[in-house]
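Biologist: I have the structure open next to the sequence. Can you walk me through it?

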Amino acid sequence: MPKITCLPDQQTLEVAPTDTILQSLLKADIPHAHVCGGNAYCSTCRVMILQGIEECSPPTTAERTLNRKLEFPIHVRLACQTKVQGDVTLRRLVLDSGDLDIVDAQLATGATGQQKTVALLFATLKGAADFDEINFPYDLIYILGRYFHCMNQVIERYGGVVHNYMGVWFLAVFQDGVQPASRAVWASLEMLEALEELNSSLERLSYRPLSLNLGVHYAPTVLVPVDPRRPDRLTVVGQAVSQVSRVEAANRELGSKLLVSETAYGEIKGQAVVKKTHATPALGELVEVAAMEGEPPEIVTAGPPAMPLKDRLGEFWQKFSRFWGPRS
């Protein structure tokens, strides 16, 4: 008879080919979660097949339906739907209430995390190490608030999302839609233009101008939900994150503002206007992009069109006037 080795329980049991994995585990008194009663509704019986995936029965229609929503990889199966014809080693994935919380949120949002090839944009304010020494807290909040607001608007228009912030740097991800690397580079160039406009405003207020370094890389990453109840809140994990930060850091040595890795350049070389190519021993060729030719990828419009300033001021007054008393 086929055998199932079950982790982390460290049990090996013989199973009948007519029983599902769930039935086999329950017969062996292994307390395997199965909230929906084995009907492929809840996914709490999910297991990871470590060895012997070829010995598992094909996914049923019900399992395929749930897989499409949660985007499980091929080696994650529903125990209530899967039978085995040979020896299999598996790991149970829902062991405690914390796991159940995650499953609950995944079913509500579809956010399970996954590996994807994406474009990463790493941005750092140059010369900002002493911001807190040369500015009062109010000035610091105002300057950086305007900066992050401005950069986020550009990134969102090109379909990117900022997932990680630390101090004066952030990491944006471009994954959905077409041409993620192209959208990341178009966004980078527009960010540099937007910074010039922001600096003009800051100069009128007697603030020092800001300077921005950018790096773009295109590679596989793992997107991990940090709060499964909010599928838009992810952190990016993998070698690509370290790589894109090093691409951005190379700007300081090379005197550039926007550098693109070899893999990212391979996606945009038909559009990119190259200022210079730099050969580096650690990162390979880094391409300094001066501009992009042709039409930009379709820009994502988020929300309703901007309201005229006069109308916004009136709306702002109506919203907060109750705190200030009657208008004189």
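Biologist: How many aromatic pairs does the count come to?

Modeller: The count comes to six aromatic pairs. Rings of Phe, Tyr and Trp (its six-membered ring) pair if their centres lie within 6.5 Å; planes under 30 degrees apart are stacked, over 60 edge-to-face, and the rest tilted. This is a predicted model, where local features need pLDDT of at least 70 and side-chain atom pairs count only at pLDDT 80 or more, while totals for chains, interfaces and linings use all residues. Residues are numbered from 1 along each chain as its sequence is written, and side-chain values use heavy atoms, with hydrogens and water left out.

Biologist: Which residues do ring pairs link into a cluster?

Modeller: Y147, F148, Y165 and F170.

Biologist: Switching to the sheet. What is the strand order?

Modeller: The order is β2-β1-β5-β3-β4, in an open sheet of five strands with mixed pairing. Strands (E, at least two residues) and helices (H or I, at least four) are DSSP runs numbered from the N terminus, and two strands pair if DSSP finds at least two bridges between them.

Biologist: Which strands stand at the edges?

Modeller: β2 (11-14) and β4 (76-78). Each has a single partner strand, so one side of each is left without a neighbour in the sheet. From one strand to the next, the twist averages 35°; axes are lines fitted to C-alpha atoms, for helices over the stretch in contact, and angles run from 0 to 180 degrees between N-to-C directions.

Biologist: And how many bridges join β1 to β5?

Modeller: Four, between β1 (residues 3-7) and β5 (residues 88-92), and the two strands run parallel. C6 stands opposite L90 in β5.

Biologist: Is the L7 to P8 peptide bond cis or trans?

Modeller: That bond is cis, with omega near 5°. P8 sits in the loop between β1 and β2.

Biologist: What about D9, which side chain does it meet in a salt bridge?

Modeller: The side chain of R92, at 2.9 Å, N to O. D9 is in the loop between β1 and β2 and R92 is in strand β5, so the pair ties together parts that are 83 residues apart in sequence. A salt bridge here is a side-chain nitrogen of Lys or Arg within 4 Å of a carboxyl oxygen of Asp or Glu.

Biologist: R92, buried or exposed?

Modeller: R92 is buried at 8% relative accessibility, while D9 is partly exposed at 23%. Buried means under 20% relative accessible area, exposed over 50%, and partly exposed in between (1.4 Å probe, protein chains only).

Biologist: How many salt bridges does the structure hold?

Modeller: Six. Among them, D19 and K27 meet at 2.7 Å, N to O. D19 is buried, with 13% relative accessible area, and K27 is exposed, with 61%.

Biologist: Which residue forms a salt bridge with R252?

Modeller: E248, with the closest N and O atoms 3.1 Å apart. Both lie in helix α7 (residues 239-254), four residues apart, about one turn of the helix. E248 is buried at 2% relative accessible area, and R252 is partly exposed at 48%.

Biologist: What does the T124 side chain make with E248?

Modeller: A polar contact with the E248 side chain, at 3.3 Å. The term covers a pair of N or O atoms within 3.5 Å; within protein, one must be able to donate a hydrogen and the other to accept it, and residues adjacent in sequence count only if both atoms are side-chain atoms. T124 lies in strand β6 (residues 114-126) and is buried at 13% relative accessibility.

Biologist: Which residues is T124 in contact with?

Modeller: Leaving aside neighbours within four places in sequence, V168, W169, S211, L212, N213 and E248. Contact means heavy atoms within 4.5 Å.

Biologist: Where is N164, and what does its side chain join?

Modeller: N164 is in strand β7 (residues 161-166), and a polar contact of 3.0 Å joins its side chain to that of T235. N164 is buried, at 17% relative accessibility.

Biologist: Last topic, backbone. What is the phi of D29?

Modeller: Positive, about 65°, although D29 is not a glycine. Most residues other than glycine have a negative phi. S43 also has a positive phi, of about 70°. D29 is in the loop between α1 (21-27) and β3 (46-51), and S43 is found in the loop between α1 and β3.

Biologist: Is S43 buried or exposed?

Modeller: S43 is buried, with a relative accessible area of 1%, whereas D29 is exposed, with 69%.
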